[in-house]
Amino acid sequence: LLGSLSSCIILLGSGLVYTYSGLTNLESIYNLISVSENTQILQGLSLGIVLIIIGYLFKVSAAPLHNWAPDVYDDSPTIVTIWLTIMPKISILIFLLEIQSQIGNSLINLPVVGALKNLLLISSLLSLLIGTIVGLAQSKIKRLLAYSTISHIGFILLALAINTEQAIDSFLFYIIQYSITNLNTFLILIALGYILKNNSQSILGSFQDIKYITELKGLFFINPLLSLSLTICLFSMAGVPPL
């Protein structure tokens with residue numbers, strides 16, 4: 001339901017962009033913005049672009065539109081959570097970079113650019129605060145990682161809002177680093193789930209989905225290599241030097 005809602009917001013924004021421009025090609029829209037002096041058209045395009053970005057912020061679980069993420073992450077199988085936490089976010093964030101860098105520069109003299117920047121900065125601040133503080137109260141590992149993702153989205157949106165050459169370089173590096181670390185973390189949790197199952201007396205299958213942080217207790221003595229790898233990944237997510 002929430003995915004449909006965010007898609008409707010994106011569709012509404014796209015509809016407004018098409019209504020005021022008659023175009024669907026991004027390059028053509030950039031050219032129109034750069035040469036148009038019609039304030040009404042520019043304001044209509046700006047409103048459409050803002051709605052599109054709000055819809056995509058919903059999909060990348062940026063605060064305050066983040067409430068769906070911890071529940072979905074926790075109740076989905078870990079292998080599905082890997083997909084949810086990495087692939088859609090990469091494509092959406094790159095698309096937001098395209099909009100922010102190209103259309104943002106074309107609309108530099110309009111008030112909407114300041115509003116767009118403020119929107120990204122506010123969402124970034126809330127994501128950093130909520131992801132970090134609320135994450136402290138979690139007892140389930142995937143909910144903790146969901147709030148970690150929200151916090152990381154805050155850093156990524158901060159670089160996106162600044163929109164300088166150095167910020168964009170940091171933005172791209174952060175996405176690559178975050179994706180690799182996140183992928184490693186979830187794959188290690190899956191591997192540890194198989195190990196826990198093999199060391200238990202249960203006959204319910206060969207895999208045990210790790211839900212609680214307490215289930216990781218004592219795993220170093222069962223598999224030191226995976227435990228150290230998980231620790232390194234978590235240190236990297238926490239930003240502990242030199243990781």
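Modeller: Leu125, Leu129, Ile133 and Val134 make a nonpolar surface patch of about 340 Å². A patch here is made of residues with over 30% relative accessible area and no salt bridge, with nonpolar side chains (Val, Leu, Ile, Met, Phe, Trp, Tyr) joined within 5 Å; a salt bridge is a side-chain nitrogen of Lys or Arg within 4 Å of a carboxyl oxygen of Asp or Glu. Areas come from the Shrake-Rupley method with a 1.4 Å probe.

One member, Ile133, lies in helix H6, residues 111-133. Ile133 counts as exposed because its relative accessibility is 54%, the cut-offs being over 50% for exposed, under 20% for buried and partly exposed in between.

This is a predicted model, in which local features need pLDDT of at least 70 and side-chain atom pairs count only at pLDDT 80 or more, while totals for chains, interfaces and linings use all residues. Residues are numbered from 1 along each chain as its sequence is written, and side-chain values use heavy atoms, with hydrogens and water left out.

As for the whole, the protein has ten helices and zero strands, where helices are DSSP runs (H or I) of at least four residues and strands (E) of at least two, numbered from the N terminus. Its C-alpha atoms fill a box of roughly 70 × 40 × 30 Å along the principal axes. Of the 243 residues, 44% count as buried. The protein exposes about 12,600 Å², and carbon and sulfur atoms supply 67% of that area.

Methods
Buried means under 20% relative accessible area, exposed over 50%, partly exposed in between (1.4 Å probe, protein chains only). Patches are made of residues with over 30% relative accessible area and no salt bridge: like charges are joined within 9 Å, nonpolar side chains (Val, Leu, Ile, Met, Phe, Trp, Tyr) within 5 Å.
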